[in-house]
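Good morning, and thank you for coming. Please look at the structure on the screen while I take you through it.

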Amino acid sequence: MRSYTPFISGKFIDWQGDTIPSINPATGLVWSHIARCDTSEADVAIRDADLAFRAGPWAQLDPSGRADVLDAMADMLEERWEELVEPEILDNGKRITEVRGQLSGLHCWYRYFAAEARKLAPVPQSNSTPGVTSEGHWSPYGVVVAITPWNSPLMILAWKLAPALAAGNTVVVKPSEMASASTLEFARLACEAGLPPGVLNVVTGWGHEVGEALVRHPLTRKVSFTGSDIGGRKVAQAAAGQVVPTTLELGGKSPQVVFADCDLDSAINGVMSGIFLSNGQTCVAGSRLIVEARIKDAMISRLLERSRSLKPGDPFDPNTQIAPLANEPHLRKVTAMIEQAKADGANCLLDGTQTVKGIGGYYVGPTIFDQVSLDMQIWREEVFGPVLSITTFESEDEAIALANDSDYGLSAGVWTTDAAKAARVAEAICAGTVYINHYRSVDPGSPIGGVKLSGYGRELGPGAITDFLQVKSIWTGTTPVSNPFL
């Protein structure tokens, strides 16, 4: 049994307070305990981060110096990423092949933003005022609060932490209370790699007890949140009270639009990747299959054959194809939505609650619904599980209308061999990211974010570092100032 305490000022602090059990979703058994922090620890972490921002070695570094620290963190990750695999899997149950894939490339995010930091320089400004020049100088916000989810804790943390540090901020992280261990282990390794004390602090606990306190703290200057739209609303409201800017990457109900002229095998692979990898526990899950009517039967037949063959098992076994959902409350939510869809009249072609019976743990297998009407909960609300809903279209305009008939707009997939049609449809779909003939790609150079209930702001990409910076305009007089009263 392991115990994790808050990580503040470069070390794990002593803890005598209440704890929260962390449960291995593959077994349903407690494997560790994390500290249940409150407003007191939030205050200590924020004040320590503020001090590190204003004084000490971090405050003395220019962008090139910060880039050197990020490169040192990347070097550490290239050598020691495997130390982070076990705690992440024990916390959220993701398959080892997926976790190893994510964490073996974790260093890339820090290398990318180290390079972006080295590009920072004053920006010349044009103005029409005689006798003066002006230029924009980049200034970090100060203390950034990063709130991360349980599905991919370290990858999503990298999307926030790397650009925030490159910009010169300090960061206090509140990981999900369901999956905090790998973030705490990472913070220890980051400081061993040379990140100064206080630049990265981690406090754990419930959102309403410590997360809200971090967001509302008077020294917090910026908030970056990834999670549900419900959680995003609460964070935005709390931050607004302090007039603090936020970046929100929220949920999705992403469409996969499949035209009859597609490469069907490729489309089926993409659809399965979009909804069944990570058990659908990803914001970009392609949970709405919108398929051209004349190929529906052929696609469903092959999709069912492939989906039925996927084998559940131990997430530490490389041969496992279906791992558990991340926690028991989420299992209850997903199974309840499946049962509601049946009650609403959707045709359940494959029931993942039945295919995993007797396994134990928090398992749900691939689940596929046909004859789904557009007003059903299963079509309109995010499941965040391995549940695919299917409807059909006859025309390109109808396909676009169906794709856009959602309160969300995070991502979408378009499958067709007609390049002109693909371009038209991609342009017409309301989403932050549209994939054509593939799905789920992510890269440091490509922005991620959504529209509508999927949030606002963007992470990653060449502009991500400036999201953690403010522009200070500096004007310089080049001629003597004349008497304004003459």
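This is a predicted model: local features need pLDDT of at least 70, side-chain atom pairs count only at pLDDT 80 or more; totals for chains, interfaces and linings use all residues.

Phe384 has a relative accessibility of 12% and therefore counts as buried, where buried means under 20% relative accessible area, exposed over 50%, and partly exposed in between, with a 1.4 Å probe and protein chains only. Phe384 sits in the loop that joins helix 14 (377-380) to strand 17 (387-393). Its phi is positive, near 60°, although Phe384 is a residue other than glycine.

Residues are numbered from 1 along each chain as its sequence is written, and side-chain values use heavy atoms, with hydrogens and water left out.

Is Val243 buried or exposed? With 73% relative accessibility, Val243 counts as exposed. Val243 belongs to the loop between helix 10 (229-241) and strand 12 (246-249), and it too is not a glycine but has a positive phi, of about 55°.

Next, helix 3. Helices (H or I, at least four residues) and strands (E, at least two) are DSSP runs, numbered from the N terminus. Helix 3 covers residues 63-80, and its 18 residues should span 26 Å at 1.5 Å a residue; the end C-alpha atoms are 26 Å apart, which agrees. The expected span is 1.5 Å times one less than the number of residues. Among the buried residues of helix 3 are Ala67, Leu70, Ala74 and Leu77. Helix 6 (106-118) and helix 8 (181-192) are included in what covers the buried residues of helix 3, as judged by contact, meaning heavy atoms within 4.5 Å.

Finally, the whole protein. How many helices and strands does the protein have? There are 16 helices and 23 strands. The radius of gyration is 24 Å, close to the 23 Å of the globule rule for 486 residues, so the protein is as compact as a globular protein of that length. That radius is taken over C-alpha atoms, and the rule is 2.2 Å times the number of residues to the power 0.38. Of the 486 residues, 57% count as buried. Along the principal axes, the C-alpha trace spans about 80 × 60 × 40 Å.
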